[in-house]
Every structure is written in structure tokens, then in C-alpha cells.
Amino acid sequence: MKLLEDRIKKDGQVLGAEVLKVDNFLNHQIDPDLMTALGQEFYQQFADAKITKILTVESSGIAPALATGMAFHVPVVFARKHKSLTLKDDLYTAEVYSFTKKTSNQIAIAQKFLQADDTVLIIDDFLANGQAVEGLIDIIGQANATLAGVGIVIEKSFQKGRKLLDERQIKTVSLARIKAFVDGQIEFEEED
Ligand code: G4P
Ligand code: NA
Ligand code: NA
């Protein structure tokens with residue numbers, strides 16, 4: 001998506017060989033007009049899938065997930081990473097290992113917000129090693145719901161998440177796909 005690639009080139013900061021800082025429009029300050037455009041693009045890509053629910057993980061997935069829910073007019077559910085005072089219902093949980101942080105965290109959603117007749121679109125801000133998305137897919141399986149696909153704002157194609165999803169033949173739409181960071185410059189995959 002050209003709009004997004006241009007914004008990444010303008011405002012993204014490359015940190016080392018693997019990390020892109022985008023706190024100007026996605027991970028700290030949020031650009032609502034850009035989010036709206038991203039949500040509409042995900043809607044175009046999954047319009048035929050009869051989506052009934054958008055699923056993401058707090059916190060940075062929520063903004064693009066909400067924009068996508070607004071385009072589809074379906075509810076948005078975010079998995080929680082932290083114990084909540086009010087989250088006392090029956091839960092679906094999954095362990096998410098972070099290769100970056102070398103820690104494992106539990107994510108949880110209340111069972112009442114995911115049903116067997118739901119068709120779910122997962123949305124997240126970054127796809128790196130794919131562990132957060134794998135955790136969400138696990139939870140969708142526990143609920144016997146249907147996974148329609150995965151929508152990612154920024155994919156780092158050189159890490160293993162995209163390959164994992166392709167191997168499982170999951171429809172994955174990434175609006176920006178980064179091939180590599182070379183000398184602090186961002187190289188995008190060719191669009192097809
Ligand atoms: P994985 O789920 O793909 O395996 O992610 P990984 O453990 O590698 O990443 C841990 C956290 O860092 C995730 O956010 C992920 O979205 C984020 N992340 C991964 N690569 C980048 C990057 O290049 N740039 C930025 N800005 N973030 C990256 P999180 O811990 O779940 O935090 P949050 O959603 O609360 O912000
Ligand atoms: Na993040
Ligand atoms: Na995230």
C-alpha cells in the first residue's frame with residue numbers, strides 16, 4: 001500500500017538490523033486518518049469472507065483493528081496480556097513466546113466474546129516471528145470459530161512469521177512488506 005510505505009519512509013526510524021520505530025503514527029501517537037485508510041484496505045481484501053469479528057492483541061493492535069471493525073461494522077475483540085480486575089469470566093488462553101524479549105506471556109479473552117459461528121479476521125500492527133498471531137489462532141481453534149485470515153500493517157518478511165502462516169495456507173494480507181533494512185534504509189518487497 002503506497003500511502004503506508006510513503007509514511008514509513010517519511011516517519012519510520014530503523015533501529016539496528018531488525019527493528020522499525022513507528023511511534024509517530026502507529027505505536028505511540030496514532031494517525032486516525034491513516035488508520036481509517038488501513039481499515040478500508042483490509043475491508044477491500046476480505047470483503048467476501050463474511051467476517052463477523054475482528055481479533056487482535058493489546059495494545060498496539062487495537063488501533064488498526066478498530067479501524068477495520070469500523071469498515072466491516074463488526075465487533076473488535078482484543079486479547080488481554082495482563083490480569084484484569086473485571087476479567088473473571090471463563091477464558092480462552094494461549095502462551096505467546098517473544099523471541100525479541102525472550103519471555104513468555106499469557107494472552108486471554110473471555111469465552112463469551114468468541115463463538116463457534118464466528119468468522120474471524122486477525123489484525124495486528126507488526127508481523128515479526130508470528131508468535132502473537134499463532135496464539136490468536138490457537139484461541140480461535142479453542143472456540144471452534146473459523147479463521148478467515150490475517151491482516152498485518154507492517155510485515156518484516158525476513159523474520160519467520162510470514163513463512164509460518166504461508167506454510168499453514170492462511171490468507172495473510174500485509175499492507176507493507178519489508179524485505180530488509182540495509183544501512184538504515186528500508187527495502188520493501190515488490191508489490192504484486
Ligand atoms: P511476534 O509476535 O511476531 O513473534 O513478535 P515479537 O515477539 O518478535 O515482538 C514483540 C513485540 O514487539 C510485539 O509487540 C511486536 O508487535 C513488536 N515488534 C516486533 N517487531 C517490531 C518492529 O520492528 N517495530 C516495532 N515498533 N514493534 C515491533 P508487543 O510486545 O505485543 O507490544 P504492544 O502491542 O503492546 O506494543
Ligand atoms: Na507492538
Ligand atoms: Na502488536
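Leaving aside residues up to four places away in sequence, Gly 130 touches Lys 160, Gly 161, Leu 164 and Leu 165; two residues are in contact if their C-beta atoms, placed from the backbone, lie within 7 Å. This is a predicted model, in which local features need pLDDT of at least 70 and side-chain atom pairs count only at pLDDT 80 or more, while totals for chains, interfaces and linings use all residues. Residues are numbered from 1 along each chain as its sequence is written, and chains are lettered from A and ligands numbered from 1 in the order in which they are written.

Gly 130 lies in the loop between strand 7 and helix 4. Helices (H or I, at least four residues) and strands (E, at least two) are DSSP runs numbered from the N terminus. Gly 130 counts as buried because 23 other C-beta atoms lie within 10 Å; the cut-offs are 20 or more such atoms for buried, 12 or fewer for exposed, and partly exposed in between, with C-beta atoms placed from the backbone.

Gln 131 belongs to helix 4. Gln 131 is buried too, with 20 C-beta neighbours inside 10 Å. Its contacts, again without residues up to four places away in sequence, are Val 96, Tyr 97 and Ser 98.

Both residues fall under the UniProt annotation "binding site", from an unreviewed entry, which covers Ala 128, Asn 129, Gly 130, Gln 131 and Ala 132. Such annotations may be inferred rather than shown by experiment; positions follow the numbering used here and feature names are shortened.

Ligand 1 is surrounded by 22 residues, the closest being Ser 60, Ser 98, Ala 128, Asn 129 and Gln 131; a residue is near the ligand if its C-beta atom, placed from the backbone, lies within 6 Å of it. Strand 2 (19-21), strand 7 (119-127) and helix 4 (131-142) each give two or more residues to this shell.

The largest nonpolar core has 52 residues, among which Leu 121, Ile 122, Val 133 and Leu 136 touch the most other members. Such a core is a set of buried Ala, Val, Leu, Ile, Met, Phe, Trp, Tyr and Cys residues joined through C-beta atoms within 7 Å. Beyond residues up to four places away in sequence, Ile 122 touches Leu 55, Thr 56, Val 133, Leu 136, Val 150 and Gly 151.

The protein chain as a whole has five helices and 10 strands. Of its 192 residues, 39% count as buried.
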